[in-house]
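Here are some notes to read with the model open next to you. Have a look at the side chains as you go.

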Amino acid sequence: MNFLKRFFQLIGVAVLLLLFILIFTFLRDRHNLMYLSIENNALFHQNTYLIKNVNVIPMSSDTLLRNQMILIKEGEISDISQNIPESDWKVIDGDGAYILPGLIDMHVHVWDEYELGVYLANGVTAVRNLWGQPMHLRMKQAINEEKIIGPLFFTSSPKLTGPVYIGDDNLQMNSPQEAIDKVKEYKLKGYDFIKTYNGLTRDIYDAVIKESRKQGLEIAAHPSSEVPYFYHIENEVVTIEHAEDIVQQPLHYRLDTNKLNEVVALFKSGPNVSFCPTLVVFHNIYRMLMDDSILNSKQLTFMNPLIRKVDSKAQFDRWSQTKSTDATIVNRIKAQHNFHLLAINKLHKAGVNIVAGTDAGIGITPAGFSIHEELNLYKQAGMSNFEVLKTATVNASQTHDFLNNVGTLEVGKIANLIMVENNPLIDLDELSKPKSVIIKGRYLSNEVLNSFKNKAMKRENLLMTGLKYLEYLIFE
């Protein structure tokens, strides 16, 4: 009896200790994130004022409006003119800067609230999260209720796959009815759209499309190799993800220009589906192959600590091992990357709506910073600077209804803006060093943006991230 008593006492102590650790971890994380709290930061309260002396790039057309004034009222653009009375408003002098709509990253994986600040610091004022988990619903709610400052946040459901595509990051569907039930459930939970993934079989994919149509949910499709590629060009599918999947699926890993032309024609003949290339995440494979010290680079300090420790290292080790056994891998990855650029060039010339997405948050692709690399790759693919900017602004706004009120700088739109020193229509690199960012009318100076980056660099939330992912594994 004494042994049993002692045993249960030890169990009780262990449970209490674990509970204490969990509570401490949660409270510490909440305290460290107070810098994003709107209520507790007076700088975030003002959302009505006048900006003067700015050059406007509206993105509604290929034009530049010089020496303008912009009136922002309660977070919306109220007026754009050369003459607005200054006496009625608080005035911010843009000092000749260039102002344009904030950037939209259409394919991200968010792991914590620190990344929200990093997105803003890079001029990204709206994100589409493509691997929905319970924590993302809470994150979206906190942003929508204006408890924390962050980019406009929209999240997919968990990734739906078929019965044989195993992995704890995907949700296996074993029957059409199970898929129907999940789509209904995700609508009720508040996910903004459905994410389909590789491995979905024809009967299950049909059920997802049909039920999504019934529930009024759109689909972002990571192509499934279990159905023909054209299967993804459906009215409910608003975006098809990943240039690399064109090579992997309809081209069967062959860099075949004739087959690529057939895919381009397929996109052109289909409904208004957009293409989200995520070029940078594949190009980062080449960077891992070429740079043995890349895990120690400064940009990777902006990755979530758990992802950096687990996923970044796993991907680096995978490609390092491949390089040690396959002397052709570097040239093959480089050749495929160049083929991706060709694909973007052809799709763009065919009039396909291309929207910028990075796949940030996995591997060595950090939040925020990666959008600038992605946009420069579109430039390499043959787009003009204006056409590149369209992919992260007006093109993205034409996909989902929930993005219709951003993407251009026009009266009546949400005041999500980025201000830079010099003209990004001449130099895209200007976007990577914003003078200020405006989110829902709240003016964030360069000093504030730098503080967001510094907070993210110093975060120690590995355990908290692990607990959130555990929640996903248990409940999904």
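1. Ground rules. This is a predicted model, where local features need pLDDT of at least 70, side-chain atom pairs count only at pLDDT 80 or more, and totals for chains, interfaces and linings use all residues. Residues are numbered from 1 along each chain as its sequence is written, and side-chain values use heavy atoms, with hydrogens and water left out.

2. Aromatic pairs. A search of the whole structure turns up 17 of them. To pair, rings of Phe, Tyr and Trp (its six-membered ring) need centres within 6.5 Å; planes under 30 degrees apart count as stacked, over 60 as edge-to-face and the rest as tilted. Take tyrosine 205 and tyrosine 231: the ring centres are 5.9 Å apart and the planes sit at 40°, so this pair is tilted. The pair links distant parts of the chain, 26 residues apart, with tyrosine 205 in helix α5 (residues 202–215) and tyrosine 231 in the loop between β10 (219–221) and β11 (237–241). Helices (H or I, at least four residues) and strands (E, at least two) are DSSP runs, numbered from the N terminus.

3. Are those two tyrosines buried or exposed? Tyrosine 205 is buried at 1% relative accessible area, and tyrosine 231 counts as buried at 11%. Buried means under 20%, exposed over 50% and partly exposed in between (1.4 Å probe, protein chains only).

4. Charges over rings. Lysine 159 lies over the face of tryptophan 131, 4.3 Å from the ring centre. Lysine 334 does likewise with tyrosine 286, at 5.0 Å. The test is NZ of Lys or CZ of Arg within 6 Å of the ring centre and within 35 degrees of the ring normal.

5. Nonpolar cores. A core is a set of buried Ala, Val, Leu, Ile, Met, Phe, Trp, Tyr and Cys residues joined through side-chain atoms within 4.5 Å. The largest has 95 residues, and Ile149 and Phe452 are among those touching the most other members. Helix α2 (residues 114–121) gives the most to this core, with 6 residues. Phe452 also belongs to an aromatic cluster with Tyr35, Phe44 and Tyr114.

6. Asparagine 129. You'll find asparagine 129 in strand β6 (residues 124–129), buried at 0% relative accessibility. Its side chain makes a 3.2 Å polar contact with that of histidine 136. For a polar contact, a pair of N or O atoms lies within 3.5 Å; within protein, one must be able to donate a hydrogen and the other to accept it, and residues adjacent in sequence count only if both atoms are side-chain atoms.
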